[in-house]
Amino acid sequence: MDPATLSLLYLVILMIFLGIELISHVPSVLHTPLMSGANAIHGVVIIGSIIVMGQANDTLSMILGFLAVILGTLNVVGGFVVTNRMLEMFKKRN
Amino acid sequence: MDALLPILYLIASVTFITGLKMLGSPKTARQGNLIAAGGMTVAIFGTIFLYKGHDGLPLHNIEWIIGALVVGTAIGWVMAMRVKMTGMPQMVSFFNGMGGACAALISLMEYKAYGGAAMPVGHSLATIAGLVIGSVSFSGSIIAFGKLEDRIGDIRYGAQKFVNNALLLGTLTIGGMVVAGNLPGFEIILILAGLALVYGVLFVLPIGGADMPVVISLLNSFTGVAAACGGFLYDNMVMLIGGILVGSAGTILTIVMTKAMNRSLANVLFSNFGGAQAASAAGGPAGTVREVSATDCAVMMAYAKQVVIVPGYGLAVAQAQHVCHQLEHELEEKGVTVKYAVHPVAGRMPGHMNVLLAEADVDYDKLVEMEEINPEFPTTDVVLVVGANDVVNPAAKTDPTSPIYGMPILDVEFAKQVVVMKRSMKAGYAGIENELFYRPNTAMLFGDAKATMSSLVSEIKAL
């Protein structure tokens with residue numbers, strides 16, 4: 001296995017533990033916004049769709065790419081806005 | 001200049017980690033969400049303007065990319081702003097499905113770009129995994145969305161487990177053969193995507209509507225993994241970190257949720273909960289239920305010292321949270337102390353009830369968590385249970401054969417008087433009889449939560 005792949009694997013393992021650590025002690029009151037926030041963060045998949053769209057040359061790839069970027073944006077924008085709306089409800093009183 | 005994009009990605013990754021951490025505490029949650037959103041914006045625009053492919057060329061089609069961003073932002077914004085607070089879980093599910101579909105499309109295009117030439121195994125593995133996981137997440141999320149919208153029912157049949165497992169096995173086998181290079185051709189990729197889509201549908205169909213939050217949380221972590229596959233494809237650190245982080249955090253969140261229901265993940269996904277009915281029906285509770293009128297109930301509450309309201313799924317369905325707040329207000333006018341007892345899994349998702357009541361302007365201090373309210377029940381005059389059932393079922397403490405045995409519940413039966421507001425005598429989602437309804441200190445108030453609450457409000461006003 002080449003060193004680049006190996007360091008990627010190290011990163012993956014560390015991220016798995018970090019993810020577990022970040023979530024483990026959260027009060028259940030916040031589970032819904034937390035799920036929604038995490039949902040927005042995996043919208044980072046949009047970066048991949050931008051890259052393939054930016055390298056697409058034929059019509060079919062263009063159409064698929066255009067669609068992929070729209071869907072990814074929906075995930076990002078919808079995810080963050082919905083989370084923000086939920087958390088606004090908690091903020092009002094503090 | 002070439003070093004700038006990796007630095008932007010590094011910044012974005014740090015905002016994701018910080019944002020997720022801050023989302024875990026009520027004080028910092030909102031800020032955390034905004035920080036992560038800021039990092040995402042940096043990553044997106046950094047990619048559009050600074051990304052260079054292996055050939056050293058910048059991206060083209062920029063106008064189309066920006067166009068798609070504008071369209072997606074407009075639709076996403078409008079949908080997210082319009083959705084009612086009660087509809088949040090299905091909205092999250094929908095957006096999650098979009099992310100899954102995006103990941104699947106990326107894999108399709110990546111395959112197409114290779115034009116039939118052999119891919120390195122690692123590259124091919126990431127592409128196929130992204131395609132399969134993304135597709136399952138997409139179709140599964142859409143079914144979950146439909147179930148929460150009450151448009152899709154639970155579909156169960158005899159050989160279901162067998163069919164599902166066979167389909168999963170088939171999908172994985174074909175996927176494995178493609179990765180190994182035994183099955184060339186773009187058509188086979190499309191078939192694989194189709195199989196994964198069908199599996200997503202069949203996987204979610206038998207699971208009950210009340211268990212959807214767990215499913216959504218699980219599919220959420222699936223999409224995270226699919227996004228991370230894209231990170232492997234393009235050696236893109238921010239996708240890898242964001243994806244894996246959500247994949248792992250989402251898995252833990254799923255497990256924490258099932259624990260709050262005192263069940264295992266396998267139990268939620270593969271055992272059709274309704275099956276437990278027969279066992280508890282055999283020892284069904286004896287006795288009769290006592291019905292109470294709205295007028296009597298209003299009098300009881302108005303002359304009580306302390307009233308505790310237990311809001312449940314039924315309150316959310318009837319959209320009765322605003323009337324509930326009004327009721328609380330009227331009772332306080334009469335000098336009654338009103339509190340809300342919120343069970344960790346009340347509503348459609350853990351914490352969902354808190355969001356709903358907060359929306360209706362209920363004071364955050366009035367929402368009392370289970371551990372703190374339980375010792376107060378013996379000194380409470382009236383407990384009003386609104387559309388909750390399993391979370392107040394004493395069988396969880398007394399009946400080892402009950403499917404919910406061991407689940408922590410609200411000890412409402414110790415209150416002087418319990419009034420249960422329900423549509424009918426039908427059992428809760430778990431299909432378990434509730435002995436509480438037959439207790440001498442329990443009275444039933446039948447009807448739609450919203451309508452009944454409104455009449456309670458006007459009765460109390462008239463007193």
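User: Which residues does B:V385 touch, not counting residues up to four places away in sequence?
Analyst: In this predicted model, B:V385 touches B:V310, B:V392, B:V412, B:V418, B:V419, B:V420 and B:M421.

User: Which residues have the most contacts inside the largest nonpolar core?
Analyst: Those are B:V310, B:V385 and B:V386, in a core of 182 residues. Helix 4 of chain A, residues 59-91, gives the most to this core, namely 16 residues.

User: Where is A:T73 placed?
Analyst: A:T73 lies in helix 4 of chain A.

User: Is A:T73 buried or exposed, and why?
Analyst: A:T73 is buried, because 27 C-beta neighbours lie inside 10 Å and the cut-off for burial is 20 or more.

User: What is A:T73 in contact with, leaving aside neighbours within four places in sequence?
Analyst: Its contacts are A:I46 in chain A, together with B:A68, B:L69, B:G72, B:T73 and B:G76 in chain B.

User: Turning to helix 3 of chain B, how many residues does it have?
Analyst: Helix 3 of chain B has 21 residues, 62-82. From first C-alpha to last it reaches 30 Å, close to the 30 Å expected at 1.5 Å a residue.

User: Which residues of that helix are buried?
Analyst: In helix 3 of chain B, the residues B:I65, B:A68, B:L69, B:G72, B:G76 and B:A80 are buried. Viewed down the helix axis, the buried residues fall within an arc of 105°, so they line one face of helix 3.

User: And which are exposed on the other side?
Analyst: On the other side of helix 3 of chain B, B:E63, B:V70, B:M81 and B:R82 are exposed.

Notes
Residues numbered from 1 in each chain as written. Chains lettered and ligands numbered in written order. Predicted model: local features only at pLDDT ≥ 70, side-chain atom pairs only at ≥ 80, totals over all residues. Core = buried A, V, L, I, M, F, W, Y, C linked by C-beta atoms within 7 Å. Buried ≥ 20, exposed ≤ 12 C-beta atoms within 10 Å, placed from the backbone. Helix = DSSP H or I, 4+ residues; strand = E, 2+ residues; numbered from the N terminus. Contact = placed C-beta atoms within 7 Å. Expected span 1.5 Å × (residues − 1). Arc of directions from axis to C-beta.
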